[in-house]
Amino acid sequence: SKLTLDDYEIGKPLGRGKFGRVYLARTRKEHFIVALKTLFKEQLLKDNMSHQLRREIEIQMRLRHPNILRLYDYFYDEQRIFLVLEYAPRGELFDDQKSATYILQMITALKFCHKNKVIHRDIKPENILLGYHGELKISDFGWSVHTLSQRRQTMCGTIDYLPPEIVQRHSYDHNVDIWCLGVLTYEFLCGRPPFESNDQQKTYERITTLQFTFPEYMGDLAKDFISKLLVLQPKKRMQLKEAAEHDWIKRFAITENDTNYRCTNCNCV
Ligand SMILES: O=C(Cc1cc(-c2ccc3c(-c4nc5ccccc5[nH]4)n[nH]c3c2)n[nH]1)Nc1cccc(F)c1
């Protein structure tokens, strides 16, 4: 027979409110672990989302594939609808821990570049590769030493990463890499860059006027870290030394001397 809420023991909240209220849960009888999502009927009616939810439930109940998160079941009470979703043990693709770990490696790489009087100028996801042990590798120094003309730089590839001083054709220094680090951190955590727009001119305007917002699920430490990098005045941006010491990095980054350091590729440690 159909399970109800009483058949589950509720555990810790999962995710960060990105998906609404989702809790770790397990069935009282078999201790089968799931992610239990709660949706409020009133909210759904208000947003006129009931038909969409029905369709989504329909589709997700039917689709069975190792790379598609399972919807095992659903049930409801007077106020709420409950979705019994598959529990994904390794969590979100880019959470604070993975993002901070990569950003710390980016910081150490940029420190080395700047110490050697090299400004990368083109930090963005396309220019990042991963080594055998999952370590970050900045690739493509094409723009670093002999930057091509501004036009060429803005013509190819994304403009989302351009710092304001380059958009406005002012002189620039190593602080351009600090700006890009802020854009990269934002994209790692949100899955899109902060100034993205469907019109190039609009993107430039948002960059030069610092028009961006944080999604509500973003943690305060991450917001503080990014806000100290995405500063219009290059000299006012947090420097790499402080960035490496920032609480968001301290709290979430995993370095090889951490106890929970585990190579994502092999069991080499
Ligand atoms: O709403 C969602 C998407 C969704 C997925 C989730 C979700 C969130 C987190 C997890 C997790 C999970 N595992 C973790 C491990 C470590 C840290 C955090 C974790 N979160 N496992 N499964 C999940 C499932 N919440 N909401 N699907 C949905 C909605 C309506 C109808 C329907 F058929 C599906």
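This is a predicted model: local features need pLDDT of at least 70, side-chain atom pairs count only at pLDDT 80 or more; totals for chains, interfaces and linings use all residues.

**Entry 1: a loop residue.** I began with D122, and noted that it touches N127 and W143, leaving out residues up to four places away in sequence. D122 has its place in the loop between α3 (96-115) and β6 (128-130). Buried or exposed, I wondered about D122? D122 has a relative accessible area of 10%, so it is buried.

**Entry 2: the whole chain.** Next I stepped back for an overview. I found 10 helices and 7 strands in the protein chain. The chain has 269 residues, and 41% of them count as buried. I also looked at contacts between residues at least 6 apart in sequence: 56% of these join residues at least 24 apart.

**Entry 3: aromatic pairs.** How many aromatic pairs does the count come to? I wrote down 12 aromatic pairs. One of them is Y8 with F75, whose ring centres are 5.9 Å apart. Why is this pair stacked? The planes of Y8 and F75 stand at 15°, and the cut-off for stacked is under 30 degrees, so the pair counts as stacked.

I then traced where these two rings come from. Y8 belongs to strand β1 (residues 8-14) and F75 to strand β4 (residues 71-76), so the pair links distant parts of the chain, 67 residues apart. Y8 is buried at a relative accessible area of 4%, and F75 is buried as well, at 6%.

A further aromatic pair on my page is F32 with Y72. Their centres are 5.3 Å apart, with 70° between the planes, and the pair is edge-to-face. This pair, too, links distant parts of the chain, 40 residues apart. F32 is in the loop between β2 (21-27) and β3 (33-40), while Y72 is in strand β4.

**Entry 4: a cluster and a charge.** Which residues form one aromatic cluster? I listed W179, Y186, F195, F212 and F214. Elsewhere I looked at Y74 and found the charged end of K2 sitting over its ring, 4.4 Å from the ring centre.

**Entry 5: a threonine in a helix.** I picked T203, which lies in helix α7 (residues 200-208). T203 is buried, and its relative accessible area is 2%. What does T203 contact, once its neighbours within four places in sequence are left aside? I noted I159, D160, F195, E196 and S197. With S197, the side chain of T203 makes a polar contact of 3.4 Å. F195 was already in my notes as a member of the aromatic cluster.

Entry 6: I turned to the second largest pocket, which has a volume of about 290 Å³. Its lining is made by K41, L44, L45, S50, L53, R54, I57, E58, Y74, Y76 and I81. Which elements give two or more residues to this lining? They are α1 (41-46), α2 (50-62) and β4. Of these, α2 gives the most, with 5 residues.

**Entry 7: backbone angles.** I kept one reminder for this entry: most residues other than glycine have a negative phi. Then I looked at N48, which is not a glycine and yet has a positive phi of about 55°. N48 is found in the loop between α1 and α2, and it is exposed, with a relative accessible area of 53%.

K117 has a positive phi as well, about 60°, although it is not a glycine. Where does K117 lie? I placed K117 in the loop between α3 and β6. K117 counts as exposed, at 75% relative accessibility.

**Entry 8: one distance.** Last, I looked up A88, in the loop between β5 (80-86) and α3. A88 is partly exposed, at 37% relative accessibility. From A88 to E126 there are 38 residues along the chain, and their C-alpha atoms are separated by 27 Å.

Definitions and conventions. Residues are numbered from 1 along each chain as its sequence is written. Side-chain values use heavy atoms; hydrogens and water are left out. Rings of Phe, Tyr and Trp (its six-membered ring) pair if their centres lie within 6.5 Å; planes under 30 degrees apart count as stacked, over 60 as edge-to-face and the rest as tilted. Helices (H or I, at least four residues) and strands (E, at least two) are DSSP runs, numbered from the N terminus. Buried means under 20% relative accessible area, exposed over 50%, partly exposed in between (1.4 Å probe, protein chains only). A charge sits over a ring if NZ of Lys or CZ of Arg is within 6 Å of the ring centre and within 35 degrees of the ring normal. A polar contact is a pair of N or O atoms within 3.5 Å; within protein, one must be able to donate a hydrogen and the other to accept it, and residues adjacent in sequence count only if both atoms are side-chain atoms. Contact means heavy atoms within 4.5 Å. On a 1 Å grid over the protein atoms alone, a cavity is a set of points where a 1.4 Å probe fits but cannot get out, and a pocket is an open set with protein on both sides within 12 Å along at least five of seven lines; lining residues have an atom within 4 Å of a point. Grid points are joined across faces, edges and corners, and a volume is the space filled by probe spheres set on the points.
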